[in-house]
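Thanks for making the time this morning. I would like to go through a few packing details with you, so please keep the display in view while I talk.

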Amino acid sequence: MKQDARARGGRPWSFDRDAAIDTAMLLFWRHGYEGVSIGDLTKAIGIAPPSLYAAFGSKADLYRRAVERYEETRGGLDLAAIRSAPSLPDAVRVLLTGAVTAVTQRQDERGCMISSGLVACHPDHADLARDAAARREALRGRIVQALSPHARGDRLEKLARHLAAIMQGLSIQARDGVAPSELYDIVEEVVAGIAARLPEG
């Protein structure tokens, strides 16, 4: 995402806005929205609070930018690989192994910023929680799209809901420090269950 390089009035920003969003993304991913203060953000970015407010409007607005950056760079599905898998169980394996990799690839930022972000929060942040829920529902929609070559209709919708729930569980367990090998075991159990329900022949 290319950011406007100039502040209001045409003056250049005194800091790299893209880098600031990346820094904020890692802080929010690691500690959650309510676990990060304006002081934490300004210290990590290296700017004063007035500069942060001038550039991003508010902590909540910066959080939204950070979540968008996460979706663009870390939280996407490999739609082509899932759709081109030779069977439904193989497609589910690609989906879920990709999810495990995503939620365990960084030691300090484990879990999924979307799946496990703002599940519970202060009432003042209810709009951010609604936005997180909408993003989770959009992720379910992308699972439907990815698996559409392998399933149809009501079965596809139910399967996508089931797999979205599995992915949320993987995210929470990753945040709890469960080893990737154990998460991959969960993936294989899910794949085996789906394979067992396929019609014979």
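Predicted model: local features only at pLDDT ≥ 70, side-chain atom pairs only at ≥ 80, totals over all residues.

Let me begin with helix α2, residues 38-45, and helix α3, residues 49-56, which pack at an angle of about 95 degrees with their axes 9 Å apart. The two are therefore roughly perpendicular to each other, a label covering angles of 65 to 115 degrees. The axes are lines fitted to C-alpha atoms over the stretch in contact, with angles running from 0 to 180 degrees between N-to-C directions, and helices are DSSP runs of H or I with at least four residues, numbered from the N terminus.

On the α2 side, Ile38, Leu41, Thr42 and Ile45 meet Pro49, Leu52 and Tyr53 of α3, where contact means heavy atoms within 4.5 Å. Those residues divide into six nonpolar, one polar and no charged, with Ala, Val, Leu, Ile, Met, Phe, Trp, Tyr, Cys and Pro counted as nonpolar, Asp, Glu, Lys and Arg as charged, and the others, Gly among them, as polar.

Residues are numbered from 1 along each chain as its sequence is written, and side-chain values use heavy atoms, leaving out hydrogens and water.

Turning to helix α8, residues 153-175, we find Ser171, which is buried at a relative accessible area of 0%, buried being under 20% with a 1.4 Å probe and protein chains only. Beyond residues up to four places away in sequence, Ser171 touches Val103, Gly111, Cys112, Ser115 and Ser116.

Conventions:
Parallel < 35°, antiparallel > 145°, perpendicular 65-115°, else oblique. Buried < 20%, exposed > 50% of the residue type's maximum accessible area, 1.4 Å probe, protein only.
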